[in-house]
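Please read them with the coordinates open.

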Amino acid sequence: MAVSKLPKSVKYFSVLFLILLAAVPVLVRFWVGDSRSGELLFGISTAFCCGAGAIIAFLLGRRLAPALPPGLPSVTFSSAVCGFAILTVVIVTAYYTYFAPVEDRLVNVNPTVSLLVKLFALGCAVYFLLLAAWMPLSEKKALGLFLSLFPVLFCAFRILGDFIDHSTMPLASHGGYRILAIIATMLFFLQEAKFRTGKGGATWYFIIGHVAVILLSSYNVPLLWEFIRGETGLTEILYAMLSIAFIIYIFTRIYSLELETHPAEEDLPEAEA
């Protein structure tokens, strides 16, 4: 399978359009606040931007090659950011769960699920740090596939933990957007794992990546502002910063994909000559 670079004009247009779509729900959230009418407007704007992003991604992603280019500096950087962000989350949450003074400890409704989230997070950190170290995981298919499942399991158990910890009102305080963002991130990493089996679809990877960026931004960027104003806790802000790291990684991954060139297209210039 031959590949060629995505034209810069197309890439720049897509990047700018995605940034705009991700910014719209954030700006709407800042504008309307937490009012009931504002909640409806925020939901409509988020759904519209996700739909528009998915359509653009479908149109641009149909000819992308189903392969992850290895060793790119942008992917190396974003992988390192994700790896260290996850390690920070694990260290801080482990401290406040097991070692902090009793009055400061985090209360987990289900300690087993909380422990599994931390263990899968450590596996995620290993995966991303190995990618950052340029280890040729594409050549070590079994190891690469095994490690690429940790981000999927981490997201899955985060969703389970959210429902257990907020069983009475899991969707309160924009919780539904948090869960949707984690689901989109999980599906993105699932598609990435499928690439390592040779069965991944570049179009779906591109579409889910766009939707994940929009949903992650719409929930977590306003959370950073709430932290500055002292309205949210340390654990929430650490996960928000991890989500920002995931946004950077998804950006670098989806725009590292290359166009698939068919043999007939390669031979066309020679035939004309």
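1. Aromatic cluster. In this predicted model, a single aromatic cluster is formed by Tyr127, Phe128, Phe188, Phe189, Phe195, Tyr205, Phe246 and Tyr249. Across the whole structure, a search finds 18 aromatic pairs.

2. The pair Phe188 and Tyr205. These two rings form a stacked pair, with 4.5 Å from centre to centre and 20° between the planes. Phe188 belongs to helix α6 (residues 175-195) and Tyr205 to helix α7, so the pair ties together parts 17 residues apart in sequence.

3. Packing of α1 on α7. Helix α1 (residues 8-32) packs with helix α7 (residues 202-228) at an angle of about 35°, and the axes are 9 Å apart. The crossing of α1 past α7 is right-handed.

4. Residues in that contact. On the α1 side the contact is made by Ser14, Leu18, Leu21, Ala22, Pro25, Val26, Arg29 and Phe30. They meet a set of α7 residues that includes Phe206, His210, Val213, Ile214, Tyr219, Trp225 and Glu226. By class, the residues of the contact of α1 with α7 divide into 13 nonpolar, four polar and two charged.

5. Glu226. This residue is found in helix α7. How accessible is Glu226? Its relative accessible area is 17%, and Glu226 is therefore buried, the cut-off being under 20%. Leaving aside residues up to four places away in sequence, Glu226 touches Arg29, Glu231 and Thr232.

6. Arg29. Besides touching Glu226, Arg29 lies over the face of Phe42, at 5.7 Å from the ring centre. Arg29 is also one of the α1 residues in the contact with α7.

7. Overall make-up. The protein has nine helices and two strands. Read from the N terminus, the order of elements is β-α-α-α-α-α-α-α-α-β-α. Of the 273 residues in the protein, 47% are buried. Among contacts with a separation of 6 or more, 78% are between residues 24 or more positions apart.

8. Points to check by eye. Which residues does Glu226 touch, not counting those up to four places away in sequence? They are Arg29, Glu231 and Thr232. Over which ring does Arg29 lie? The ring is that of Phe42.

Methods
Residues numbered from 1 in each chain as written. Predicted model: local features only at pLDDT ≥ 70, side-chain atom pairs only at ≥ 80, totals over all residues. Heavy atoms only, no water. Axes fitted to C-alpha atoms, helices over the stretch in contact; angles between N-to-C directions. Helix = DSSP H or I, 4+ residues; strand = E, 2+ residues; numbered from the N terminus. Left-handed = near helix turned anticlockwise from the far one by under 90°. Contact = heavy atoms within 4.5 Å. Nonpolar A, V, L, I, M, F, W, Y, C, P; charged D, E, K, R; others polar. Phe/Tyr/Trp six-rings, centres within 6.5 Å; stacked < 30°, edge-to-face > 60°. Lys NZ or Arg CZ within 6 Å of the ring centre and 35° of its normal. Buried < 20%, exposed > 50% of the residue type's maximum accessible area, 1.4 Å probe, protein only.
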